[in-house]
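I opened this notebook to keep track of what I looked up, one topic at a time, in the structure shown below.

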Amino acid sequence: MFGLILGFTARSYYFLRGLMPTTRLVDAMRTRRGLKWGVPAMLLAVPYLFAAFYCSVQVQADGPGWLHLLVLLFLWNAMKFAVNGPVSLIRLLVARWREARMRRQAILVVPERQLMSPFAAEDEQRAVLPMRR
């Protein structure tokens, strides 16, 4: 019974995950190309906070009760963008540090052919070919 409930929950979560635009945007910002957009995307939290405030004011002014759900949804999305900004900045710094380390390691590992003189390839060919008299 527990496995059935867990499986249903997981399947419905991944089905709905593809339909939620903010989650898709956060997923896109977690790629290497999207990491640079994390901090500017924090600004998207501001309209969500305004929308949550507007809905909460409407509820307090005897508006429909289902606006409470929208308040929760707007606050959740604002929190996603507000938290994702610093996280993506840290991930970007780590990714750039790893890339710089890989470049340094690539420079340190120099093939032996480059350590030889520039005429080493010609010297090898002369040694293999018999000399004509």
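**Entry 1, ground rules.** I noted that this is a predicted model, in which local features need pLDDT of at least 70 and side-chain atom pairs count only at pLDDT 80 or more, while totals for chains, interfaces and linings use all residues. Residues are numbered from 1 along each chain as its sequence is written, and side-chain values use heavy atoms, with hydrogens and water left out.

I looked up how many salt bridges the structure holds, and the number is three; the term means a side-chain nitrogen of Lys or Arg within 4 Å of a carboxyl oxygen of Asp or Glu. Arg17 and Asp27 form one of them, at 2.8 Å from N to O. Since Arg17 lies in helix 1 and Asp27 in helix 2, this pair ties together parts that are ten residues apart in sequence. I also wrote down how helices are defined here: they are DSSP runs of H or I with at least four residues, numbered from the N terminus. Glu99 and Arg32 form a salt bridge at 2.9 Å, N to O. Glu99 belongs to helix 5 and Arg32 to the loop between helix 2 and helix 3, so this pair ties together parts that are 67 residues apart in sequence.

A pocket is found on a 1 Å grid over the protein atoms alone, as an open set of points where a 1.4 Å probe fits, with protein on both sides within 12 Å along at least five of seven lines; its lining residues have an atom within 4 Å of a point. The largest pocket holds about 220 Å³ of space, a volume taken as the space filled by probe spheres set on the points, which are joined across faces, edges and corners. Its lining includes Arg17, Asp27, Arg30, Lys80 and Asn84. Which element gives the largest share of this lining? I found that it is helix 5, with five residues.

Arg30 sits in the loop between helix 2 (21–29) and helix 3 (38–41). With 43% relative accessibility it counts as partly exposed, where buried means under 20% relative accessible area, exposed over 50% and partly exposed in between, with a 1.4 Å probe and protein chains only. Beyond its neighbours within four places in sequence, Arg30 is in contact with Arg17, Leu35, Asn84 and Arg91; contact means heavy atoms within 4.5 Å. Asn84, in helix 5, is buried at 6% relative accessibility.

I asked which side chain of opposite charge is nearest to Lys80. For charge, Lys and Arg count as positive and Asp and Glu as negative, whereas His and the chain ends are not counted.

Asp62 lies in the loop between helix 4 (45–60) and helix 5, and has a positive phi of about 60° although it is not a glycine. At 75% relative accessibility, Asp62 counts as exposed.

Conventions. Helices (H or I, at least four residues) and strands (E, at least two) are DSSP runs, numbered from the N terminus.
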